[in-house]
Amino acid sequence: MSNTVEDIKPCFPLFRDEEYIESITNKQKKYEEKVDDEKLEEMYQWTTSPEYKELNFQREALTINPAKACQPLGSVLCSLGFKGTLPYVHGSQGCVAYFRTYFNRHFKEPIACVSDSMTEDAAVFGGHKNMDAGLENANALYKPDMIAVSTTCMAEVIGDDLHSFITNAKKKGSVPQELPVPSAHTPSFVGSHITGWDNMMEGIIRYFTLDKHESAVVGSNGKINLVPGFETYLGNYRILKRYMEEMDVPYTLLSDPSEVLDTPADGKYRMYEGGTELEDVKDTPNAIDTLLLQPWGLVKTKKYLKDTWQQPLNVVNPPMGLTWTDEYLMKISELTGKPIPASIELERGRLVDMITDSHSWLHGKKFSLFGDPDFLMGMSNFLMELGAEPVHILCNNANKRWGKAMTKMLRDSPYGQETEVHVGKDLWHFRSLVFDRKPDFMIGNSYGKFIQRDTLHKGKEHEVKLIRLGFPIHDRHHLHRSTTLGYEGAMTILTTLVNAVLEDLDEKTMGYGTTDYNYDLVR
Amino acid sequence: MAATLTREEAQSLIDEVLEVYPDSAKKDRAKHLAVNDPEVTQSKKCITSNRKSLPGTMTIRGCAYAGSKGVVWGPIKDMIHLSHGPVGCGQYSRAGRRNYYVGHTGVNTFGTMNFTSDFQEKDVVFGGDKKLEKIVHEAEGLFPLMKGMSVQSECPIGLIGDDIEAVARKTGEAINKPVVPVRCEGFRGVSQSLGHHIANDAVRDWVLDRREGKLPEPGPYDVSIIGDYNIGGDAWASRILLEEMGLNVVAQWSGDGTLSEMEMTPAVQLNLIHCYRSMNYISRHMEAKFGIPWMEYNFFGPTKIAESLRKIAEQFDDTIKEGAERVIAKYTPIMQGVIDKYRPRLEGKKVMLYIGGLRPRHVIGAYEDLGMEVVGTGYEFGHNDDYDRTLPEMKDSTLIYDDVTGYEFEKFVERVQPDLIGSGIKEKYIFQKMGIPFRQMHSWDYSGPYHGYDGFSIFARDMDMTVNNPCWGTMKAPWKQ
């Protein structure tokens with residue numbers, strides 16, 4: 001018994017107490033048939049070697065620690081951004097339990113989502129009955145303004161026809177005819193979470209505009225449509241809206257979950273809060289243009305708009321970092337004729353001021369990155385604007401074309417001459433990469449922490465610290481509320497990066513009576 | 001503080017909550033909701049469980065894959081557990097359950113890693129057996145110290161008719177290590193419960209006989225811990241007590257467990273089972289095949305711990321009985337200290353639970369040790385034998401809800417206004433916004449252990465820190481009060 005009433009310790013540090021160490025060590029010695037520590041150490045060293053890296057990169061079939069999730073997760077996030085919308089997943093219920101949990105852990109918020117709980121009988125006879133009963137129950141219980149239906153791999157493998165199931169359910173009266181029930185096929189064995197977001201967006205836009213776009217008059221409502229893509233920083237939704245408001249540009253943000261994922265604690269649970277108005281979705285073909293803010297992740301949406309709407313569909317880079325935010329604002333100004341206001345210019349000036357203040361700490365610093373394709377594009381571009389050098393860029397869910405475009409962007413800058421780009425690889429590959437060529441830091445989601453630990457074990461000088469930017473972030477609180485887009489987002493990223501560098505320097509110079517000459521007060 | 005409902009009030013609350021459902025759904029849900037009557041000893045007379053969830057309701061349940069990979073197999077630390085199918089299932093279940101272990105991750109232990117066959121469209125069309133075969137060899141090449149593999153089937157595997165058993169047999173022979181096919185596709189059964197059963201059957205068929213004829217003579221005090229997943233280190237805090245009373249814990253399933261421990265289990269004298277729901281199957285099998293008796297125990301809270309230690313000791317000689325008394329005598333005053341400190345802060349507080357496995361009944365005693373009362377409880381994926389074991393633990397007119405939907409749970413809570421809710425992460429943020437103190441009782445809210453005497457101290461501390469944190473009093477802006 002190690003805990004006393006005066007000193008109650010949870011798992012750590014409790015299990016560092018002697019009696020636990022003894023018990024656990026005995027278990028290992030007597031019953032686990034574990035190989036000896038020397039052999040373990042030798043094998044660990046082997047996993048950090050160039051030889052192992054080569055073997056690791058020969059892998060063709062096995063994926064280890066992927067840097068992606070599956071389609072319906074994305075479709076659920078997209079659905080949550082519409083007013084009064086209940087995300088509905090046609091298929092096995094376990095998937096929805098996972099989606100809700102995964103988002104709960106990232107956002108620290110409730111996630112409302114139902115499934116129609118398909119089981120063996122549905123696997124044999126199809127999920128038609130489940131859809132009828134599911135829509136009826138969901139509508140009765142949760143009274144949504146819209147039910148957005150996507151699928152799991154189960155429903156896709158058995159080939160359920162969503163469109164006819166929904167039509168029949170409406171005919172049967174399971175839900176009212178007028179209740180919007182858009183849908184998307186989101187098989188988990190195609191693409192990733194970003195594909196699912198894209199598919200659901202396309203499904204919703206199609207549902208509301210398919211018969212209306214022909215009568216649309218482009219530009220008649222004076223609005224700009226903004227499509228953020230799979231976006232998990234709540235501040236990013238807010239800054240997109242703020243810039244439009246400051247520029248006095250009417251807009252429709254297509255999927256805006258920033259309210260429903262950030263409701264107050266005041267004694268009441270709000271299942272539906274905020275979100276894109278459904279009326280506004282109907283009006284989108286009348287806008288001046290639609291800007292896709294994650295161009296590499298919005299393939300299907302882009303195709304639909306291009307094939308059916310008459311809008312010019314101007315292409316922009318994600319508004320990440322300094323120059324891409326400049327470009328973005330200028331594009332809006334160009335499209336609407338509205339000038340960029342002094343307030344935003346002031347904000348830009350402040351960002352530039354911050355960059356000048358911090359550049360000496362970031363210039364030449366080396367970063368290895370993993371994450372979604374558009375995030376990696378924007379992030380590497382911003383790093384190079386700061387004079388920092390990307391070492392590895394690894395994307396599990398991009399295509400070869402993205403790899404080429406990324407490489408071209410890197411080679412156009414003096415800071416990207418030696419950057420390696422890896423497409424379709426996973427985090428076990430990434431681990432080999434950072435052992436092979438050590439960066440100063442890695443940038444990515446929480447899963448990177450295991451790589452940090454593994455590099456530290458080789459010795460302090462091999463440690464690659466993780467800077468948490470991306471999705472999911474399960475092991476830190478509230479980072480998802482910050483902003484990574486626009487000048488404001490660049491400020492957040494810059495602050496995060498430069499202070500990581502300074503923290504690291506402090507840690508390395510804290511030696512009492514040894515390295516403390518560089519443990520400076522003023523920086 | 002919440003007032004206790006009378007039996008009539010509780011029943012009318014249930015009736016009222018059911019009103020919103022369409023007719024057939026109402027009929028179905030009514031069978032899953034009950035008011036406890038201590039005179040009823042058999043749950044089948046009052047509650048239906050382990051049936052399909054209603055489509056379109058917000059069930060909190062998971063799937064068979066979650067039961068097998070997430071609960072039973074995943075924590076076996078020195079094997080690689082392949083999530084066979086598309087990428088999502090493995091990613092969502094990666095390192096989320098806090099099954100603590102010690103080992104060199106990526107070298108001889110693999111618990112927090114995610115191995116997946118990342119199925120693409122072509123794998124669904126042409127089948128994944130060839131890919132699976134290649135994966136086993138690639139894994140063996142990169143992780144030669146792994147003790148074996150399990151293949152955790154995701155939905156498409158069963159639907160496209162892959163023969164993973166054949167591949168498992170062939171590759172297992174080739175690498176001379178067990179490769180275990182587990183047919184835990186998510187669409188099987190109605191919840192994670194069937195996944196536990198399927199996982200147990202795979203252990204029975206592919207692991208337990210591996211040392212037949214080579215097992216040592218069991219020592220007189222050799223036991224195993226079964227159905228402890230070492231959440232936050234629970235099994236370790238249990239293990240030291242069993243060791244202190246003189247028993248020899250040969251195997252720990254499956255938290256911090258290893259293949260060798262599983263293989264050695266047929267040589268123990270007694271299987272001690274904590275989570276009955278997830279591992280009664282394998283315990284029954286070992287009783288039938290190897291003649292090993294098994295018994296349930298409960299290590300939540302000093303009252304139940306002492307009861308359990310004595311019950312366990314009853315199976316052995318005086319040495320162990322004295323050992324149990326010695327352990328109880330040593331810890332009772334320390335536990336009294338914990339109770340003296342926390343009980344005054346928690347006395348009379350009402351708790352609503354909704355959890356899985358063993359906890360909807362096992363933690364009741366721990367709350368009672370702190371003077372708290374459980375006024376509602378229910379199982380995510382329990383069967384009627386779980387409810388049979390629960391009814392005697394509950395007071396009159398307690399609410400019982402099986403596979404409660406999000407809608408029902410919110411309504412019950414609004415009416416009952418408990419002082420604390422113990423449930424999972426999907427419920428946590430809803431009730432916290434409603435201003436009700438909440439502890440995650442699947443993951444111990446990133447704390448723990450909660451088992452054993454060390455665990456009870458932490459449990460008491462955690463309940464106090466939540467129930468009595470100042471944040472709950474700040475929900476209303478002062479100008480609104």
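These are my notebook entries on what I looked up in this structure.

**Setting up**

I am working with a predicted model, where local features need pLDDT of at least 70, side-chain atom pairs count only at pLDDT 80 or more, and totals for chains, interfaces and linings use all residues. Residues are numbered from 1 along each chain as its sequence is written, chains are lettered from A and ligands numbered from 1 in the order in which they are written, and side-chain values use heavy atoms, with hydrogens and water left out.

**Entry: where the two chains meet**

I started with contacts, which means heavy atoms within 4.5 Å. I found 119 residues of chain B in contact with 102 residues of chain A. Together the two chains bury about 9100 Å², and 63% of that is on carbon and sulfur atoms. Buried area here is the accessible area (1.4 Å probe) that two parts lose on being put together, summed over both. Met58(B), Tyr92(B) and Lys433(B) supply 10% of the area that chain B buries against chain A, more than any other three residues.

Next I looked up polar contacts (a pair of N or O atoms within 3.5 Å; within protein, one must be able to donate a hydrogen and the other to accept it, and residues adjacent in sequence count only if both atoms are side-chain atoms). Between chain B and chain A I noted 41 residue pairs in polar contact, both residues at pLDDT 80 or more. On the side of chain B that touches chain A, helix α14 (residues 318-346) of chain B gives the largest share, eight residues. I sorted that side of chain B into 56 nonpolar, 37 polar and 26 charged residues. In this sorting, Ala, Val, Leu, Ile, Met, Phe, Trp, Tyr, Cys and Pro are nonpolar, Asp, Glu, Lys and Arg are charged, and the others, Gly among them, are polar. My helices (H or I, at least four residues) and strands (E, at least two) are DSSP runs, numbered from the N terminus.

**Entry: salt bridges**

I used the rule of a side-chain nitrogen of Lys or Arg within 4 Å of a carboxyl oxygen of Asp or Glu. The whole structure holds 81 salt bridges over all chains, and eight cross the interface of chain B and chain A. One example is Lys68(A) with Asp118(B), whose closest N and O atoms are 2.8 Å apart. Lys303(A) and Asp307(A) also form a salt bridge, at 2.8 Å from N to O. Both of these residues sit in helix α14 of chain A, four residues apart, about one turn of the helix.

On a 1 Å grid over the protein atoms alone, a cavity is a set of points where a 1.4 Å probe fits but cannot get out; lining residues have an atom within 4 Å of a point. Grid points are joined across faces, edges and corners, and a volume is the space filled by probe spheres set on the points.

How many cavities of 30 Å³ or more does the search find? I counted 13 of them. The largest cavity has about 390 Å³ of space. Its lining has 31 residues, with Phe230(A), Gln294(A), Asp372(A), Phe375(A) and Gly470(A) nearest its centre. Helices α12 (234-246) and α17 (373-385) of chain A each give two or more residues to this lining. The lining splits into 17 nonpolar, 10 polar and four charged residues.

I noted a cis peptide bond between Phe471(A) and Pro472(A), with omega about 0°. Pro472(A) is in the loop between β13 (465-468) and α21 (486-508) of chain A. Another cis peptide bond joins Gly448(B) and Pro449(B), again with omega about 0°.

Note on methods:
On a 1 Å grid over the protein atoms alone, a cavity is a set of points where a 1.4 Å probe fits but cannot get out, and a pocket is an open set with protein on both sides within 12 Å along at least five of seven lines; lining residues have an atom within 4 Å of a point.
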